[in-house]
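Reader: I would like a close look at a single part of this model, followed by an account of how the rest is laid out around it.

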Amino acid sequence: MSTTRSTLDTHTPGDRPEIDLGGGRGRRWILLAVAGVVLIGVVVALVLRFAADDEKTVAGSHFSDDFAIAYQASSASEQAFLEYLDKEIAPDYGVHIDGVGIEDGNQLDQATADGKYIANIYQHKHWLQQVTDSTGMRLTALGPVFQWSYSIYSARFGSLEELPDGATIALLNDPANTAQALWILERAGVLTFKDGVNPWAATEQDIASNPRGFRFTYMEYGAGPRTLDSVDAVVDYNMSFVDAGTPDDQRIYAPDAPKEFAGQLVVGTAYLDDPQVAKLKKVFFDPRVQEYLATNDDPDLSGQLAPVSAS
């Protein structure tokens, strides 16, 4: 090293190389050249990536044959349902179902409206109406695909009849699920609604009689299992309790879910006429799907998602 430096130092200015590897200016030129090569590489990679994405997109469609379907991330039952479709139904239509779990419902719906996902499956029509009314998102339901089992749970009492007068019952705090919970209690005969009330839109103010003096408290979505120990009963989705490992014997009342609260296949309104959306409908509304929901013994699905009822 020292010998080389000495030799270079003896060169006259006219003999000195254009790029002096030992000088600051030379180093800067080399770094700029390397950076340029790297930048070109990145640009080429991005171009190739987007070109590849375009190649995957089916002609005349916004979507590829890989159908990204968003679902509530905390729902093992919705995930299991999508896995069944991918394995047993989708191959017959030449497509693949890729479930994408997202916890934030607004993010999930916005991504669907924007066409990032071809569809989502996490909401009944009354929840969807709340979303579109409050946000202006352009979303459309293609139809009901399953029903969430919705029950009354208690860690303190073994049946609905055992609940004492004045018992405190926890309900989900969004309007649609509050109504669904009150409707369960009305159908169980423990309260009545005022004349003319739509049960799928009922509130506490719509209760005509509550002879056992039940009191209601409200909780966030998904809070049912951790609320059990602090109240006399909870009305919530079975899947929340199954996912939390709540014992089955704490489910004290389990009526059939009304079709009004069936989970729907929802797409961005802008993509209603997309040919891949037409194929999507064939997958989800294949006759085998409802039969499977009625007869399967998958522990992640049975007792949580049910076939769509007639009424």
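Which residues does glycine 101 touch, not counting residues up to four places away in sequence?

Author: Glycine 101 touches Tyr71 and Ala73, once residues up to four places away in sequence are set aside, where contact means heavy atoms within 4.5 Å. This is a predicted model, in which local features need pLDDT of at least 70 and side-chain atom pairs count only at pLDDT 80 or more, while totals for chains, interfaces and linings use all residues. Residues are numbered from 1 along each chain as its sequence is written, and side-chain values use heavy atoms, with hydrogens and water left out.

Glycine 101 belongs to strand β2 (residues 96-102); helices (H or I, at least four residues) and strands (E, at least two) are DSSP runs, numbered from the N terminus. Glycine 101 counts as partly exposed because its relative accessibility is 38%, given that buried means under 20% relative accessible area, exposed over 50%, and partly exposed in between (1.4 Å probe, protein chains only). Serine 75 is 26 residues from glycine 101 in sequence, and their C-alpha atoms are 8.3 Å apart in space.

Leaving aside neighbours within four places in sequence, leucine 142 is in contact with Leu265, Val267, Leu272, Val277, Leu280, Lys281 and Phe285. Of these, valine 267 is 125 residues away in sequence, yet 7.3 Å separate the C-alpha atoms of leucine 142 and valine 267. For the chain, among contacts between residues at least 6 apart in sequence, 75% join residues at least 24 apart. The chain has ten helices and 13 strands, and 42% of its 311 residues count as buried.

The largest pocket holds about 340 Å³ of space. A pocket here is an open set of points on a 1 Å grid over the protein atoms alone, where a 1.4 Å probe fits, with protein on both sides within 12 Å along at least five of seven lines, and lining residues have an atom within 4 Å of a point. Of the 19 residues that line the largest pocket, Gln72, Gly105, Tyr122, Trp127 and Tyr221 lie nearest its centre. The elements that give two or more residues to this lining are α4 (105-113) and α5 (125-135). At least three lining residues come from each of domain 1 (67-148 + 260-306) and domain 2 (150-256), with bounds that come from an automatic or database domain assignment.

Methods
Points joined across faces, edges and corners; volume = space filled by probe spheres on them.
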